[in-house]
Amino acid sequence: MKRTTVLVAALFGLGALACKPAAAGERIIIPARESARPRLVNASVLDGSITVKSYSGKDVIVEMEGAPRAGEPAAGGMRRIDALRGLQVTEEDNTINVKLNPPAFGKVVISVPADTSLKLKANLGPITVEGVRGEVEVKSLNGAVTLTGISGTVVADSLNSAIKVTMDRVDPARPMSFSSLNGSLDVTLPADTKANLKIHTDHGEIYSDFEIKMTGSGTAANREKGSLSPGAMSGTINGGGAEITFRTLNGKINIRKK
Amino acid sequence: MTCEQLRQQLAEYLAERLDADEREAAAAHLASCAGCRAEAAELGEVWRGMESLPEGAPGAGARKRFVEVLRAYQAGQAAGPVHTMPRRAWGWAPRAAVAASLLVMGALGGRYLTPPRTAGEAGDVAQLRGQVESLRQLVTLALLEEQSPSARLRGVTYAYQMRQPDREVRQALLYAVNRDSNVNVRLSAVDALGKLAGDPTVRQALAEAIPAQDSPLVQVALIDVLVDLRETNAAPALRALAQNAQANEAARQRAAWGLEKLEASQ
């Protein structure tokens with residue numbers, strides 16, 4: 001117990017050291033720790049975009065590219081000094097928190113070891129992830145979500161933007177889910193993926209080049225029951241396995257075979 | 001050190017919580033005793049599995065739930081040896097609960113799947129079924145508290161598959177609808193609760209969830225479920241949403257549609 005407390009205190013200390021704001025162009029490196037547990041990068045960028053790329057190193061590197069909104073000299077030699085252009089990066093135990101709050105604006109680029117899990121949130125800008133092996137959780141309001149070369153599991157939602165995901169490998173034990181109000185969903189899965197699909201869409205069309213064995217067609221079955229709202233369609237591919245749910249109100253759904 | 005003594009210290013040894021003398025004595029015994037080495041290797045596996053679960057303080061109910069599971073298991077048919085964690089390993093209780101539940105579920109599940117041959121065995125099956133159900137409930141509650149949204153999604157699916165989820169599970173699902181940070185988990189919880197529509201308190205809670213909900217996707221899902229259930233008590237909530245100028249346009253339209261359907265079905 002004591003040893004754990006000391007360890008946690010030391011980590012908090014390290015975390016405090018790791019917390020420093022960065023102006024545009026700077027990089028922050030969070031070095032690898034001894035723990036074998038994969039890390040979680042929790043990034044929240046409200047007015048900018050997030051790009052995460054995997055690379056062969058062990059550290060997590062956070063960089064920012066982008067024009068600061070304020071700070072340029074205004075009339076009469078006056079300069080705005082209250083706009084915080086900075087990025088806040090802190091480390092807490094196994095989680096690295098990256099925050100960019102308004103009025104700061106920029107493109108946050110994070111390079112991570114491949115087996116890192118991600119929790120990403122952006123309001124305005126797009127979210128792009130490449131080549132990560134882990135759990136990817138993405139929340140977007142208006143920016144397009146593009147995830148490529150993912151092995152593991154994805155849980156993503158957006159309000160108005162499209163979600164496009166390409167999986168290299170699907171973890172059969174972990175459910176995936178994609179939801180969007182007005183955006184389209186375009187997901188590519190390896191051809192041999194075994195999955196149980198559940199698809200809800202109101203006005204969108206559903207396309208797939210997989211052989212889907214339908215086990216329940218919401219609309220027809222529900223109409224028989226006297227149901228008043230469209231239900232979910234369900235089906236299996238390659239015999240069934242991982243649960244994958246697609247939900248959209250107005251968007252098109254594409255489920256592609258790799 | 002005897003084998004019995006080592007067994008008692010094994011958990012501490014693996015957690016590296018023994019002091020220098022005890023550690024040496026344990027290591028010396030392990031070096032000379034193949035049986036204890038095997039046990040240590042097995043327990044080490046479970047330990048590493050639990051280490052991969054996220055760290056967290058056990059909830060107030062966790063200890064109580066764990067003790068209940070243990071008692072239920074001990075009262076039922078013994079299916080094989082289970083490594084019990086020493087009392088001092090308090091911080092591991094929730095994960096131990098999940099590990100113990102899974103071990104026991106596996107053992108009981110195996111017995112449950114064998115068809116009963118006699119009337120006496122049919123009674124046993126009913127008892128086992130009850131125990132499996134309560135284990136499923138414990139696993140559901142544990143999963144719903146996990147940091148990973150994928151794990152929470154699995155928790156909701158478990159709840160969906162329960163025959164009669166009890167009050168605690170329903171509360172957990174309602175909490176998920178209202179407060180989960182992930183929209184996908186909320187949507188999944190709405191589906192699961194739709195299945196429990198027989199309970200009027202669930203229907204009421206679903207209607208009450210609409211104004212508090214900040215995700216239009218979830219608002220639409222709630223409206224759909226309530227319309228499906230022809231829950232006319234939800235009409236005021238739907239009307240409020242339809243008239244709320246600040247709300248998302250798609251959600252407002254759905255609320256207006258829902259209101260029409262509910263009034264038509266009266």
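A residue is called buried if 20 or more other C-beta atoms lie within 10 Å of its own, exposed if 12 or fewer do, and partly exposed in between, with C-beta atoms placed from the backbone. With 9 C-beta neighbours inside 10 Å, D214(B) therefore counts as exposed. D214(B) lies in the loop between α10 and α11 of chain B. Its C-alpha is 9.0 Å from that of N178(B), although the two residues are 36 apart in sequence.

The model is predicted: local features need pLDDT of at least 70 and side-chain atom pairs count only at pLDDT 80 or more, whereas totals for chains, interfaces and linings use all residues. Residues are numbered from 1 along each chain as its sequence is written, and chains are lettered from A and ligands numbered from 1 in the order in which they are written.

**Chain A and the interface**

Helices (H or I, at least four residues) and strands (E, at least two) are DSSP runs, numbered from the N terminus. On this basis, chain A comprises two helices and 20 strands. Of its 258 residues, 39% count as buried. Two residues are in contact if their C-beta atoms, placed from the backbone, lie within 7 Å. Among contacts in chain A between residues at least 6 apart in sequence, 57% join residues at least 24 apart.

At the interface, 20 residues of chain B are in contact with 18 residues of chain A. On the chain B side, the elements that give two or more residues are α7 (149-161), α9 (183-195), α11 (216-228) and α13 (249-264). The largest share, six residues, comes from α11(B). By class, the side of chain B that touches chain A holds nine nonpolar, seven polar and four charged residues. Here Ala, Val, Leu, Ile, Met, Phe, Trp, Tyr, Cys and Pro count as nonpolar, Asp, Glu, Lys and Arg as charged, and the others, Gly among them, as polar.

The buried residues include P216(B), Q219(B), D224(B) and V227(B). They pack against β13 (176-180) and β19 (242-248) of chain A, together with α9, α10, α12 (235-243) and α13 of chain B. The expected span of a helix is 1.5 Å times one less than its number of residues. For the 13 residues of α11(B) this gives 18 Å, and the end C-alpha atoms are 18 Å apart, which agrees. α11(B) is followed by R230(B), whose phi is positive, near 50°.

α7(B) also has 13 residues; the distance from its first C-alpha to its last is 19 Å, close to the 18 Å expected. This helix is mostly covered, with ten of its 13 residues buried. Among them are P149(B), R152(B), R154(B) and Y158(B).

Two packed helices are described by the angle between their axes and the distance between the axes. Axes are lines fitted to C-alpha atoms, for helices over the stretch in contact, and angles run from 0 to 180 degrees between N-to-C directions.

| Helix pair | Angle | Axis distance |
|---|---|---|
| α8(B) and α10(B) | about 20° | 10 Å |
| α7(B) and α9(B) | roughly 5° | within 9 Å |
| α10(B) and α11(B) | about 150° | 9 Å |

Angles under 35 degrees count as roughly parallel, over 145 as roughly antiparallel, 65 to 115 as roughly perpendicular and the rest as oblique. At about 20°, α8(B) is therefore roughly parallel to α10(B). A crossing is left-handed if the near helix is turned anticlockwise from the far one by less than a right angle, and right-handed if clockwise; that of α8(B) and α10(B) is right-handed. R170(B), L174(B), V177(B) and N178(B) of α8(B) make the contact with V202(B), A205(B), A209(B) and A212(B) of α10(B). This contact has six nonpolar, one polar and one charged residues.

At roughly 5°, α7(B) is likewise roughly parallel to α9(B). Residues of α7(B) including L153(B) and V156(B) meet a set in α9(B) that includes V185(B) and A189(B). The contact divides into eight nonpolar, two polar and two charged residues.

At about 150°, α10(B) is roughly antiparallel to α11(B), and the crossing is left-handed. L206(B), A207(B), A209(B) and I210(B) of α10(B) face Q219(B), L222(B), V225(B) and L226(B) of α11(B) in this contact. Seven of these residues are nonpolar, one is polar and none is charged.
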